[in-house]
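Reader: I'd like to go through the labels on this model and hear what backs each one. Could you show it to me?

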Amino acid sequence: MAPSSKMALGIKRASRSNTYHRRGLWAIKAKNGGAFPKAAPPAAAAEPKFYPADDVKPRTVSTRKPKPTKLRSTITPGTVLILLAGRYMGKRVVFLKQLKSGLLLITGPFKINGVPVRRVNQTYVIATSTKVDISCVKVDKFDDKYFAREKKTRAKKTEGELFETEKEATKNLPDFKKDDQKAIDAELIKAIEAVPELKNYLSARFSLRDGDKPHEMSF
Amino acid sequence: MPFKRFVEIGRVALVNYGKDYGRLVVIVDVVDQNRALVDAPDMVRCQINFKRLTLTDIKIDIKRVPKKATLIKAMEEADVKTKWENSSWGKKLIVQKRRASLNDFDRFKVMLAKIKRGGAIRQELAKLKKEVAA
């Protein structure tokens, strides 16, 4: 007899025999020779030597991925930046590009103000609205690996030498870095000399004087 | 010392406080002892306290509460803009605005120009001093 209501139909459909048939357990049994395949029981773990005193939940691995550093909209390739900290504090430098680590690649240019090709964090920088044309400058070979520190190899010291202070080997810049600096600056200096007074501007340091209100100055 | 600038219909004033700070407006009507109805070509007509206005020397010829188009025509005929920009008050404000909008590079160039001018003045002064001493 046909079911008289939708509820009755649903009950019939959810019944044990119906779901058994729908899930195809009969087909799986047939494939496995009449019995439902049983998973092999896991090998019994050896009795641990040590049970911790408190029941502590193990920490779950963090799935957080840090976002790429957002570059301030006022900083575009060729912008003149003012460095605010470090040994080049106050120097006006040219921004080249943002590296993958989020740091900014800058150069003085070296001939103009002594700032080499360097990385700097954008939080320690004021972006001015002065821009230099940087289209002829090739910055592809600079990345974070270029600036990685060289690993120091420590020679094993004999007992007598242990108490001698190690002589600091004078660090010399490898020649290829000096050439890279020259290559990048050659094009940049041409673009800078095209603008009157820009070279003098970049060689001067920025400082606050009496009466200056930095919160009211526009850069 | 009699007063020379009066609150009257057609008096041009400068707003010295509030949202419209620095705007040149025309008094088109007086509301009561403290407030005026004020209008300018690029703003919605509104009432403003006299304390927020500084009167200027410029006056235009309009009737009470003119239509916007009439107001604009009267301002053009009286040439308010040029009169204002040629007055020393107006010139001062323009210079202030320019100085505030200077770039860091611009400020550097101004510094070089000031040094150059100072040097030229000192040279002339030295020449004149020599003539006097001689």
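Reader: What makes the meeting of the B:Asp104 and A:Arg92 side chains a salt bridge?

Author: The term asks for a side-chain nitrogen of Lys or Arg within 4 Å of a carboxyl oxygen of Asp or Glu. B:Asp104 and A:Arg92 have N to O at 3.1 Å, so the pair qualifies. The rule finds 1 salt bridge across the interface of chain B and chain A.

Author: A word on the ground rules: this is a predicted model, where local features need pLDDT of at least 70 and side-chain atom pairs pLDDT 80 or more, while totals for chains, interfaces and linings use all residues. Residues count from 1 along each chain as written, chains are lettered from A and ligands numbered from 1 in written order, and side-chain values use heavy atoms, without hydrogens and water.

Reader: How many residues does the contact take from chain B and from chain A?

Author: Chain B gives 11 residues and chain A gives 17, with contact meaning heavy atoms within 4.5 Å. About 950 Å² is buried between them, 55% of it from carbon and sulfur atoms; that's the accessible area (1.4 Å probe) lost on being put together, summed over both parts. On the chain B side, B:Asp104, B:Phe105 and B:Phe108 lose the most, together 55% of what that side buries.

Reader: Why is A:Arg23 called exposed?

Author: Exposed means over 50% relative accessible area, buried under 20%, and partly exposed in between (1.4 Å probe, protein chains only). A:Arg23 has 63% relative accessibility, so it counts as exposed.

Key. Buried area = accessible area lost by both parts, 1.4 Å probe.
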